[in-house]
Amino acid sequence: FRAEVVDRFVDGYAAGRTPNPCVRCNGEVRFDAMLELAGALGAARLATGHYARIARDRQGPLIRAAADERKDQSYMLAKLDPALLDRLSFPLGGLTKDAVRSLARDAGLPVADKRESQDLCFVAGLGGRAFLQRHGGPRLRHPGEIVDREGRVLGRHEGHHGYTVGQRRGLGLATPEPLYVLRKDPQANTVTVGPREALATTTVRLEEPRLYRPAEQVGQVRLRYHAKPLRCRVRGAADGSVLLELAEPAHAVAPGQLACLMRDDCVVGEATIGQAA
């Protein structure tokens, strides 16, 4: 867990990215370990409380979005190998959160009205930024400059890890027009800001793409958890890389985040966002 999730989380921020530790944990650590335990106990299936469903086509099972769009966690499960899905059940996938709480109350469960946790499991109550500050070492405790697109210094930061592409609030800058984080340069230790329109892109470079179905079946993409799916297509570039072409401009496309590739409401692939091409 430390090597695959926590260390990669810290390394990602040190490299100027915004990683998804929970997505990586689900796909590479957590479910493998739970299914191994289930097998050792003689259990044929593993049921979890994730808000997602499982659909089937001619090639087999796929993760499908939950019925409750507000709670849908299909994005967080995008790295799950479809080969595992025949051993999994998501009994809450067809229910709303309110209906689940009502069932829990009727059953007398003490967690029926428990407040939902929004924090990363390994930050021990610190919050993500404080965890990085404490455990990131000198790489993440290095003040630097906040600059505009021309390189003019507008202010200072206490570590580029405290910012993410698309961020508007918390920049500590007094300017007549709102500014957004456009990019981070860990080598120069700068955070570049600019107007919102400078964030717009229709082409995103994908790293380590993994397709569960042919590329031509990809019709939509989610570029952030709970973000609206955008129409798109996947194509190869002349340099051998894989590009995502969007039907409309997207803002706040952050390197390191997951691109959840979809066919209607089913997950047919995933990749890491590299950079706007």
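Author: In this predicted model, helices (H or I, at least four residues) and strands (E, at least two) are DSSP runs, counted from the N terminus. With elements named in that way, G137 falls in the loop between α4 and β5 (144-147).

Reader: Why is G137 called buried?

Author: Buried means under 20% relative accessible area, and G137 has 14% relative accessibility, so G137 counts as buried. The C-alpha atom of G137 also lies 9.5 Å from that of A14, although the two residues are 123 residues apart along the chain.

Reader: What makes α1 roughly perpendicular to α4?

Author: The axes of helix α1 (residues 2-14) and helix α4 (residues 128-135) cross at roughly 90° and come within 11 Å of each other. Angles of 65 to 115 degrees count as roughly perpendicular, and therefore α1 is described as roughly perpendicular to α4.

Reader: Which residues make the contact between these two helices, and how many of them are nonpolar, polar or charged?

Author: From α1 the contact draws on V6, F9, V10 and Y13, and from α4 on F131, L132 and H135. Sorted by class, the contact of α1 with α4 comprises 6 nonpolar residues, 1 polar residue and no charged residues.

Reader: Why do β6 and β7 count as edges of their sheet?

Author: The open sheet has 4 strands in the order β6-β5-β8-β7, with mixed pairing. Both β6 (153-157) and β7 (180-185) have a single partner strand, so one side of each has no neighbour in the sheet. On average, and with direction ignored, neighbouring strands of this sheet are turned by 30° against each other.

Reader: How do you know that β5 and β8 are paired?

Author: Pairing requires that DSSP find at least two bridges between two strands; β5 and strand β8 (residues 190-194) have 3 bridges, in the parallel sense. Across this pair, E145 stands opposite T190 in β8.

Reader: What radius of gyration does the chain have, and what would a compact globule have?

Author: For 277 residues a compact globule would have a radius of gyration near 19 Å, and the chain has 20 Å, which agrees. Its C-alpha atoms fill a box of roughly 60 × 45 × 35 Å along the principal axes.

Reader: How many helices and strands does the chain have, and what share of its residues counts as buried?

Author: The chain has 4 helices and 14 strands, and 46% of its 277 residues count as buried. Among contacts in the chain with a separation of 6 or more, 59% come from residues 24 or more positions apart.

Note on methods
Residues are numbered from 1 along each chain as its sequence is written. This is a predicted model: local features need pLDDT of at least 70, side-chain atom pairs count only at pLDDT 80 or more; totals for chains, interfaces and linings use all residues. Side-chain values use heavy atoms; hydrogens and water are left out. Axes are lines fitted to C-alpha atoms, for helices over the stretch in contact, and angles run from 0 to 180 degrees between N-to-C directions. Angles under 35 degrees count as roughly parallel, over 145 as roughly antiparallel, 65 to 115 as roughly perpendicular and the rest as oblique. Contact means heavy atoms within 4.5 Å. Ala, Val, Leu, Ile, Met, Phe, Trp, Tyr, Cys and Pro count as nonpolar, Asp, Glu, Lys and Arg as charged, and the others, Gly among them, as polar. Buried means under 20% relative accessible area, exposed over 50%, partly exposed in between (1.4 Å probe, protein chains only). The radius of gyration is taken over C-alpha atoms; the globule rule is 2.2 Å times the number of residues to the power 0.38.
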